[in-house]
Amino acid sequence: MVRILGLPSLNALAAFEAAARQMSLTKAAEELNVTPGAVSKHVRTLEEDLGARLFLRLHRSLELTREGEAMAIAVREGFERVLATYRQIKMSGGQPSVTVGSTMAMAQLWLIPRMSEFWAAHQDIAVEHFISDHPRGLDRADIDLRIRYGAGEWPDEEAAKLYDDIIFPVASPEFASSHAVQSLEDIAALQLLSVERIDLTWTDWPDFFRELGCRDRRLNARRCNSYVIAMQSARSGQGVALGWENLVRPWIETGDLVRLTDAQMNAPHSYFVTWNSRRPLNRQTTILRDWMVTLQD
């Protein structure tokens, strides 16, 4: 039986975690290659150590108690963290690494173009990128830092603000020169490029027109499932997209995109870098987080 000072038996924790995940002593035993009796004994030992029941043992089924649910979450997160660290060390050959989660747009258009500065100063730190455009896609235990858009509060996370943003219509120079635009109503009549709103905090064309007082009307919108694709479509002259200043600035500077009007709105929320409030950051992650905060525009 493996023990670490101050902790219960690791064998008991593993048996409990498997039983809580499978909600079955038999399935947990099959997974761990032991007998159901052994799993049951480990769970009883853990309950005796805690002085609390973790399972309600019903007819042919298990049900977690309130204490069992809390313990299951804690054990699962601990095991996931150990696994994530193990994989990082194994993949990096011992080189310290940090995993950063973000949307594709944030990674491709904001973070990665700036990373050469970080790598030049910290060649001993490997940075791995996890990409997800789904609002819950970054809620993984093996992600050290997350770049999020929102109001600055997420459950069980601390946050440091990166920047605010400004939103305005953009198009290719060719598209702009062939479509005379004098008002928001003129823009509303054009082919608009819209990003599917999986994340309801994201600003779309109806939000933009409503914020600037443009009357409601039927919009000719072509929907994309990625902000990067929407920007590529705009650069190739297929329509007008909503440009977020910190993402499209390089294309405006090179002339690939132009602003159609002076009309703009402040983004309702801000971008933040966040991390798990219940898990201390290691030195490498702290260095990367602090560097990201210095990139505020």
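Tutor: Buried means under 20% relative accessible area, exposed means over 50%, and partly exposed lies in between, with a 1.4 Å probe and protein chains only. This is a predicted model, in which local features need pLDDT of at least 70 and side-chain atom pairs count only at pLDDT 80 or more, while totals for chains, interfaces and linings use all residues. Residues are numbered from 1 along each chain as its sequence is written, and side-chain values use heavy atoms, with hydrogens and water left out.

Student: Is serine 102 buried or exposed?

Tutor: Serine 102 has its place in strand β3, residues 97–102, where strands (E, at least two residues) and helices (H or I, at least four) are DSSP runs numbered from the N terminus. In contact, meaning heavy atoms within 4.5 Å, serine 102 touches residues including Phe130 and Ile147, not counting residues up to four places away in sequence. Because its relative accessible area is 1%, serine 102 is buried.

Student: What is the relative accessible area of phenylalanine 55?

Tutor: Phenylalanine 55 lies in strand β1, and among the residues it touches, not counting those up to four places away in sequence, are Phe16, Val43 and Leu64. Phenylalanine 55 is therefore called buried, with a relative accessible area of 0%.

Student: Which residue of β2 does leucine 58 stand opposite?

Tutor: Strand β1 (residues 55–58) and strand β2 (residues 61–64) pair in the antiparallel sense over four bridges, where pairing requires that DSSP finds at least two bridges between two strands. In β2, the residue opposite leucine 58 is serine 61.
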